[in-house]
Amino acid sequence: MITTIIKFKNYGQQVVEAAKYIGQGFAVTLDHPNRLPTTVQYPYEKNLPSERFRGRIHFEFDKCIACEVCVRACPINLPVVDWTFRKDIKKKKLRSYSIDFGVCIFCGNCIEYCPTNCLSMTEEYELSSYDRHELNYDQTSLGRVPVSVLHDVSVQSVRI
Ligand code: SF4
Ligand code: SF4
């Protein structure tokens, strides 16, 4: 008789425990309708990148001294720096500069080590293309003034 009572007691405790866990699970589920959605209706809405976001690299041709530090700092030696040596002024003259964003890992090393600060990271992240060769940006594309989500009147920006 006592054994049966103990069994019933244990069974009752297990039922209470199970009900408690089910209740906790439902509480988590019911909490979700009160939360704001984390997704946005891209491209009509766009998230604002964070301050230190590593987007498309901006390059200032006039400031570059063709030292190639960015090439050596890059883990994959990506920037292509084409220059000629001007004997009259005994200086390198930059001819062209390019970075292939199809290969770049946006680590920011080139920017960190550039002695003249002619490289910087922008908040541009829309770099997709149907042709991967279009991702190889020359100095003209790299020098384009970055587009900010804040200044895009066609979209509603969302702070994340
Ligand atoms: S961001 Fe990194 S991977 Fe891209 S070019 Fe600069 S150093 Fe190379
Ligand atoms: S490190 Fe800066 S200055 Fe030197 S080649 Fe690269 S971009 Fe030009």
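Reader: What makes β4 and β6 a pair of strands?

Author: Two bridges join β4 to strand β6 (residues 136-137). Strands pair if DSSP finds at least two bridges between them, so β4 and β6 meet the rule. The two strands run antiparallel. This is a predicted model, in which local features need pLDDT of at least 70, side-chain atom pairs count only at pLDDT 80 or more, and totals for chains, interfaces and linings use all residues. Residues are numbered from 1 along each chain as its sequence is written, chains are lettered from A and ligands numbered from 1 in the order in which they are written, and side-chain values use heavy atoms, with hydrogens and water left out.

Reader: Which residues face each other there?

Author: Asp100 has Asn136 in β6 as its bridge partner. Ile99 stands opposite Tyr137 in β6.

Reader: How do you know that residues 136-137 count as a strand?

Author: A strand is a DSSP run of E with at least two residues, and a helix is a run of H or I with at least four; both are numbered from the N terminus. β6 covers residues 136-137. That run therefore qualifies as a strand.

Reader: Why are β3 and β4 said to pair?

Author: Seven bridges join β3 (residues 80-86) to β4 (residues 91-100). Val81 has Tyr97 in β4 as its bridge partner. β3 and β4 form a hairpin with four residues between them. Lys90 in the turn has a positive phi of about 50°.

Reader: What makes β3 and β6 the edge strands?

Author: The open sheet has three strands in the order β3-β4-β6, with antiparallel pairing. β3 and β6 each pair on one side only. As for side chains, in a regular strand they alternate between the two faces of the sheet.

Reader: Why is Lys46 with Glu126 called a salt bridge?

Author: A salt bridge needs a side-chain nitrogen of Lys or Arg within 4 Å of a carboxyl oxygen of Asp or Glu. In Lys46 and Glu126, the closest N and O atoms are 3.1 Å apart. The pair therefore qualifies. The link joins distant parts of the chain: Lys46 in β1 (residues 45-48) and Glu126 in the loop between β5 (119-121) and β6, 80 residues apart.

Reader: Is Lys46 buried or exposed, and how do you know?

Author: Buried means under 20% relative accessible area, exposed means over 50%, and partly exposed lies in between (1.4 Å probe, protein chains only). Lys46 stands at 9%, so Lys46 counts as buried. Glu126 has 41%, so Glu126 is partly exposed.

Reader: How many salt bridges does the structure hold?

Author: Eight. Among them is Arg56 with Glu124, whose closest N and O atoms are 3.1 Å apart. Arg56 lies in the loop between β1 and β2, Glu124 in the loop between β5 and β6, 68 residues apart. Both Arg56 and Glu124 are buried. Arg56, Glu124 and Arg144 are linked in a network of salt bridges.

Reader: What makes Lys63 and Glu60 a salt bridge?

Author: Their N to O distance is 3.6 Å. That is within the limit, so the pair counts. Lys63 has a relative accessible area of 35%, so Lys63 is partly exposed. Glu60, at 31%, also counts as partly exposed.

Reader: Why is Glu68 called partly exposed?

Author: Its relative accessible area is 23%, so Glu68 falls in the middle class. Glu68 is found in the loop between β2 (57-59) and α2 (69-73). Leaving aside neighbours within four places in sequence, Glu68 is in contact (heavy atoms within 4.5 Å) with Val81, Trp83 and Lys92.

Reader: Why is Ile22 called exposed?

Author: Ile22 has 52% relative accessibility, so Ile22 passes the cut-off for exposed. Ile22 lies in helix α1 (residues 2-31).
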